[in-house]
Structures are given as C-alpha cells and as structure tokens.
Amino acid sequence: MADVLASLADIYTTIGNLLTRLFVDVLGASPELASGIIKFLGAGLLATSVLLILVFNIWFERKVMARIQDRIGPNRVGPWGIFQTVADLAKLFTKEIIIPDGADLVPFMIAPVISVMSVVLIWAVVPFAPTLIGTDLNIGALYFVAVSSLGVVSILLAGWSSNNKYALLGAFRGVAMLVSYEVPFVLALLVPVILSGSMRMGDIVRAQSIPFLVVMPVAALIFWIASVAEVGRQPFDVIEGESEIVSGYHIEYSGFAFAMFYAAEWAHGFTVCALMTVLFLGGWRGPGAEQIPTLGIVYFLGKTFLVYFFQVWTRAILPRMRIDHILSFSWKFLVPLSLVLLVLSVLADKLGQLYIPGYAVAGSFVDLLPRTALLLVVTLIVGGLAALWVAGLGRRERRRQEAALSVASIEGRAAQQAR
Amino acid sequence: MTITPETVAFAIMSVLVLGGGLGVVSSRNLIHAALYLALTLFGVAGLYALFEAPFLAAVQVLVYLGAIAVLVTITIMVTRRLMGITENVNRQWPVAALIAVLAAAILGFVVISQFAGVYPTQAVPPDTIERMGQSFASHQGFLLPFEVASVLLLAAMIGAIVVARD
C-alpha cells in the first residue's frame, strides 16, 4: 500500500519506469533505445497536448470575453457550447487552401509551419512538476527566447510571400513591434535569471521560495506587457487590424494553413502565461508539491489559467493602441525603465550580500525575507518614480492640448463675431 | 566509419549549411537569397548544438535568425528597385570567382593541415555556462573585451533611442 502511494506521489517517474521496463524487459530493446523511444513519445505527447489544450482555451476565451461584454457566447454545440471549437476545427480542416496568384509557393507554405513550431518548441523547457520537464536545458531561459524569435521570421515570410500589400504592411508593422518588445522582454527576463543565478528553468522555479512577483513586481509587469505584445494581443494587436489592413499578414491564408496561424497565435497566448507562471509565480510550487510531485502540475496549470484569465480580461477591455504609440512606449519607457531596474536591483543585491547580516540569496521562505524586503523597496521606488514621471508627461501633454484648443476656440469665436 | 545519430545529424546540418550557401549566391531573387541565408544560419546553429555548445546555438538562433536575417530581409523589401533587378551580369565575375576559389583553398588548407585527424580528447564539462560566465567576469579571462563590447552595444542602443526621440 505504501509502495503504491509512493509511486502515485511521483506518477511521472513511475510511468517512465514502467515504460522503460516494458521496452527493455518485455520487448527486449536496449536501455539506450528504450530511453530514445520514450523521449520521442514524450515529445510527441507534449506537442500534441499543447495543441489540444487550445480546443478548451479558445472556448474559455470566447466565453469569458462574451461574459465581459454582456453576451452569452458559444452556447449551441454541447453543454455551455463547450464543443464549439471542435465544430470550428472540423469546418477549418475541410476548407480548401487557396494559393493566390503570384504567391511565392515555398515560403508561403513554410510560414505557418514555422509559426506553430516556434510556439510548440518553447514547451520543451517548461517545468510542469518537480520531476516532469521536457528537457532541463542549462540555457532554458535563453532557449525559449531564441525559439520564440523564429515567430518573427514566419510573420515576415507570410506577409511577403502572399503577394498582397495589406499582408506586407501588416507583417512590417508586426515585425517592428515584435522586435521592439523583444528588448524589454529579455531585460525583464534577466531579473529572474539573476535572482536565481541560473538559466535552467527547473532552478528558477526551485529558487522561488518567495515568488519573484513579490520580489520584483515591476519587472513582472514589464515582462507581462512585453509578452502580451510578443503574442500580439489587445492592446497590441496591430499585426492584424481589421479596420486598417483587413486581416494583416495572414489575409491570403485559408483552410488548414490559416488554422495553423490561428493555433500558433492562441497557443502563444497560453505559452506566455505558462512562462509568466514559471518565471514569476513559482511554477509548480505550492503546499506539498515538493513531497508529492504529482500535485505540481495541478498548481502549475491552476496558476497558468489564472494568468490566462487575466490576459483574456485585459484583452476584452482594452482598445488597440496606435503603432507609433506602441513603439515609443517600448523604446522610450519600457527599455530605459527595465535597464535602470536591472542595474539598481543587481547593485542593491550585491550591497545587501556585503553589508546586511543574515542576507541569503537562496533558501527557505524565512531565509529570503531580508533580500525580498530590500529588492521590493528598490523596485517600488524605481517603479514609483517612473509612474510619477509618466504622469507628469501626460499632464503636460494634456495642458498643451487644452491650451491649443482654447486658443483655437477663442480665435473661432472672434472670427464668428467679426462676421 | 560507423553511422551514429550524430553523423546523420551532422550530414543533415552540413547539407543545410552548404545548400543554403549555394542558394544565397545562385538565386536571382534577392528575397530568396536572404531566406537561403537564414537556412544556412539555422544549419550553423544546429552544428553548434551538435558540438555540445548549446549556448552558442541558442545565441546563433536568437541573433542571426531572429534579428540579422529579419533585418536583411526587411532591408531588401523596403529598398526601392532592388527587387526589380533582372540582369545580374557583372563584368567583374572572373576576378570574384578567382578570389572566392583562392579564399576557399586557403581556408580549406588551414583547416585540413591543422585539424585533420584531431579529435577532442576529453568530454565536454557539464558546467560550460558557469565557466563561460566566470571567464567573462574575471580579469584573468575576458573581462575587458566583454565590457568594451557591452559598452559599444549600450551606446548603440542609446543612440537608437536618441534618434527615435527626434
């Protein structure tokens, strides 16, 4: 009985061992071959479940958005319309892939593949539970930045090869935004890496006895804003703007090719939530997750869906920003702020290690309290000053516009009276 | 010579690198040339990963594919009349071919004469990232070049922000 409980507590290792035994003892494969086959199966399972969870996510997002907008949302197919996405997928799969005249065929067909690939590859380094992670690369954080930068290539390819000016325009401004927001994204990502002293995703989670959201809330906010921009969701959805450029870079795609872009975009939306969870919310950590690794995935998915709900919420209530505002917000505000934050927090951390007794950079909740307090103060001061600065800029701009407006109205009235 | 997964991967990556390189110089369409360049760079990243240098592989993908290939492609797309060039005759091609052959011969000679039959004698240490970080941050290592490069990049970034503010 105790054995069964112990094996259930770490169900991932148990399943792995069972499979190894099946291949080695029953089917007579060599241990290397068995581990190769299991890795292959695991990769297939992971990639498939990332795409399958979309079926639920799309329904969830539509339902939440509908409720926020005082509608009912999907309600025909199945209870609460939960099978709506299945019906939509069946429709998409049966549609014809139309290739426009003058399209560059090979790039046109490769672009959707790269777009899905760039998202699914990220999940290889996401730790679901203490003993469940695709591969705990020692460069995990750098790896996911690298593979997600492939998404830019796919957008550019799609926009150019479609031979459509709207597609090209959408791709251009989308790429401009994605490249701009990669800078604050990476700078904010450096904070958890520096705080945990490792780029290994497993180590970053293990270092969060106190979640980094509490230690560095402003860095978490910058990371969040930049990752929403990387996904291209409201208020950063300039990649596709129905009223301006019809549908953006995937205007010429139909059927399954379009479904791949669609899947990549929504999967990316969920993926950044998972990354946010791992980097700032403590990943699989929760009461008892260390002792019972099976629980880890419950905490992980719970936190990820909480973040996802937040993402859908902001998506439903925010309007689209103008492209020049988006770019200046990144370059003139987020990049300087994240640079200052990074430098000051590293400096404070080093000084704390030198001069504050009992200052620990790793350990339990209590051990980490002095460091958390110090860095929290630094972060809040930097964030507060930045907020004051922005508020001042906004006030000055409004006063300027009001002054211009009142001059114009006075002149207009004078002209009317003269007439 | 036995066929291991590594040899197969090496063969695939070499085909990507060499085929991509050939495509870069032989395609008439400049965008296609840029895409072939991206393929070559991806193959190089694969080779780095194969040689157990994952950090270099990730940086190769991030910098060369995510930034430089995109930059080259956009530059070609927004440059007027660059796409419409149909005649690709250049009178200096014999000289260029000669220089290319000479350069290839010199590089090949150096590589073969120095490294033919030389194989790594010890396994790759598991803590390469830590070692790299320490050699960047210690003055016996590469502290000065690293800092100079960092300052240069920071200056470039601040310059870009200043240009954007005007």
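Biologist: Which residues in α1(B) meet which in α2(B)?
Modeller: This is a predicted model, to start with. From α1(B) come B:E6, B:A9, B:F10, B:M13, B:L16, B:V17, B:G20, B:G21, B:G23 and B:V24. They meet B:A33, B:Y36, B:L37, B:L39, B:T40, B:F42, B:G43, B:V44, B:G46, B:L47 and B:L50 in α2(B).

Biologist: How do those residues divide into nonpolar, polar and charged?
Modeller: The contact of α1(B) with α2(B) has 14 nonpolar residues, six polar and one charged.

Biologist: At what angle do helix α1 and helix α2 of chain B pack?
Modeller: About 155 degrees, with the axes 7 Å apart. Helix α1 covers residues 5-26 of chain B, and helix α2 covers residues 30-50. An angle over 145 degrees counts as roughly antiparallel, so α1(B) is roughly antiparallel to α2(B).

Biologist: And is the crossing of α1(B) and α2(B) left-handed or right-handed?
Modeller: Left-handed.

Biologist: Switching to chain A. How many helices and strands are there?
Modeller: Chain A has 16 helices and two strands. Its C-alpha atoms fill a box of roughly 100 × 70 × 40 Å along the principal axes. Of the 419 residues in chain A, 42% are buried.

Biologist: How do α8(A) and α15(A) pack?
Modeller: Their axes are 10 Å apart, at an angle of about 15 degrees. Angles under 35 degrees count as roughly parallel, so that is what α8(A) and α15(A) are to each other. Their crossing is left-handed.

Biologist: Which residues make that contact?
Modeller: On α8(A), they include A:R173, A:M177, A:Y181 and A:L187. On α15(A), A:W331, A:L334, A:L339 and A:V346 are among them. The contact of α8(A) with α15(A) divides into 19 nonpolar residues, four polar and one charged.

Biologist: OK, the two chains. How many residues does the contact take from each?
Modeller: Chain A gives 20 residues and chain B gives 19. On the chain A side, α6 (140-148), α7 (150-161), α8 (165-196) and α15 (323-355) each supply at least two residues. That side of chain A has 17 nonpolar residues, two polar and one charged.

Biologist: Last one. Where does A:M117 lie?
Modeller: In helix α5 of chain A, residues 105-120.

Biologist: Why does A:M117 count as partly exposed?
Modeller: Because A:M117 has 18 C-beta neighbours inside 10 Å. Buried would need 20 or more, and exposed 12 or fewer.

Biologist: How far is A:M117 from A:E230?
Modeller: They are 113 residues apart in sequence. In space, they are 15 Å apart, C-alpha to C-alpha.

How values were computed: Residues are numbered from 1 along each chain as its sequence is written. Chains are lettered from A and ligands numbered from 1 in the order in which they are written. This is a predicted model: local features need pLDDT of at least 70, side-chain atom pairs count only at pLDDT 80 or more; totals for chains, interfaces and linings use all residues. Two residues are in contact if their C-beta atoms, placed from the backbone, lie within 7 Å. Helices (H or I, at least four residues) and strands (E, at least two) are DSSP runs, numbered from the N terminus. Ala, Val, Leu, Ile, Met, Phe, Trp, Tyr, Cys and Pro count as nonpolar, Asp, Glu, Lys and Arg as charged, and the others, Gly among them, as polar. Axes are lines fitted to C-alpha atoms, for helices over the stretch in contact, and angles run from 0 to 180 degrees between N-to-C directions. Angles under 35 degrees count as roughly parallel, over 145 as roughly antiparallel, 65 to 115 as roughly perpendicular and the rest as oblique. A crossing is left-handed if the near helix is turned anticlockwise from the far one by less than a right angle, and right-handed if clockwise.
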